[in-house]
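Subject: Structure for you to look at

Hello,

Here is the structure I said I would pass on. Please look through it before reading the notes below.

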Amino acid sequence: MKIVTAGTIVTNTERKYVFDAVNNLSNPDKFDYYTRTFEEEFAKYIGTKYAIAVTNGTAALHLALIALRIGEGDEVILPDLGFVAAANAIKYVGATPVFVDVDPGTWCIDVFKAGKAITDRTKAIMPVYMYGNKPEMAKLKRLGIPLIEDACPAVGVYKAGMYGIGCFSFQGAKTLAIGEGGMVTTNSKAVHDRIRKMYSHGRVTSDFYYDEVGYNYRMSNIQAAVGLAQLKHVDSIIYRKFKIHNWYGDITAQKFTVDAVPWMNSIVDFTPAVLRKHLKKDGIDTRRVFPAMTSYPMYNNGIYNPVADGIAESGINIPSAAYLTRKEIEYVKSSIAAYYANQS
């Protein structure tokens, strides 16, 4: 069996909750029970007043931008290194993504460069919790610009989702995984109320009255059933993530901060495609680090961020699924060591 890059741990609780949600699809008293409960419990877990369950992490980012009324003529600062959904969400509202470089150790946004990029058109900064690592959020907060946290891979990271509007993903590879889904967290009632309105077609009243164009971004009760069950044991999943990271030891290139959660472990190599081919022959799944967003044709604006570009060109994600054993991690390490031994 292939040693895979990502994956969560599933228990009988997930199966039990999903079975119950299916049995109550037509029950008007319980058709959204798991969605409501998942929101309430997630807000408690994160430490915010509100949590809104949505279809995916991209929808969460989009709604956060809408909640801040960001649009044409506005700018949003974000790191060049990260998943393209962050930049896409900014374009959805007609704003301009402003890409800055990242810290070479954490792979998260460089706070100094973010500060230098602020103009009178800047309406938000969107730091990315790169592979579960934590940006310097306190320093970013002091810049005085609203924060939209791309915390999509950051469930369990200390205070993630509490510095501004938090956006989480529960896509199948994430630490808390339900296949697809997301969550928006906030302490602002105004932000909460606007997202509640806009994620349900712009609905104003319960009798189907709308006064602006909205979206259908609501999470289903069955998805939420899986999410709530995952949340029940997410701390044990996070514990496994730390164990896997520690088993890898010093071979990992990204330096995780003490208040981060190492969702995905990575190494760097000058010829990553050759190394990946070697690992694939040994039954080891890998994937490349996210490309720099300015390398995509729609975002290639002539700006070059050397740190982000260098990491993107040389970085490889190695197996980090929560259920992997120490024996499997040692096998991965030995395969990597054998590759370098043959290169010398």
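This is a predicted model: local features need pLDDT of at least 70, side-chain atom pairs count only at pLDDT 80 or more; totals for chains, interfaces and linings use all residues.

Residues are numbered from 1 along each chain as its sequence is written, and side-chain values use heavy atoms, with hydrogens and water left out.

Helices (H or I, at least four residues) and strands (E, at least two) are DSSP runs, numbered from the N terminus. Helix H2 covers residues 33-46. Its buried residues (under 20% relative accessible area, 1.4 Å probe, protein chains only) include Tyr 34, Phe 38, Phe 42 and Ile 46. The buried residues of H2 pack against helix H1 (12-23), strand E1 (50-54) and strand E7 (182-186), among others; contact here means heavy atoms within 4.5 Å. After H2 comes Gly 47, with a positive phi near 105 degrees.

Strand E7 is largely enclosed by the rest of the structure, because 5 of its 5 residues are buried. Gly 182, Val 184 and Thr 186 point one way, Met 183 and Thr 185 the other. E7 pairs (at least two DSSP bridges between the strands) with E1 in the antiparallel sense over 5 bridges, and Ala 53 stands opposite Met 183. E6 is joined to E7 by 4 bridges, also antiparallel, with Cys 167 partnered by Val 184.

Elsewhere, 3 strands form an open, parallel sheet in the order E3-E2-E4. Its edge strands are E3 (96-100) and E4 (122-125).

Regards

Key
The expected span of a helix is 1.5 Å times one less than its number of residues. Buried means under 20% relative accessible area, exposed over 50%, partly exposed in between (1.4 Å probe, protein chains only).
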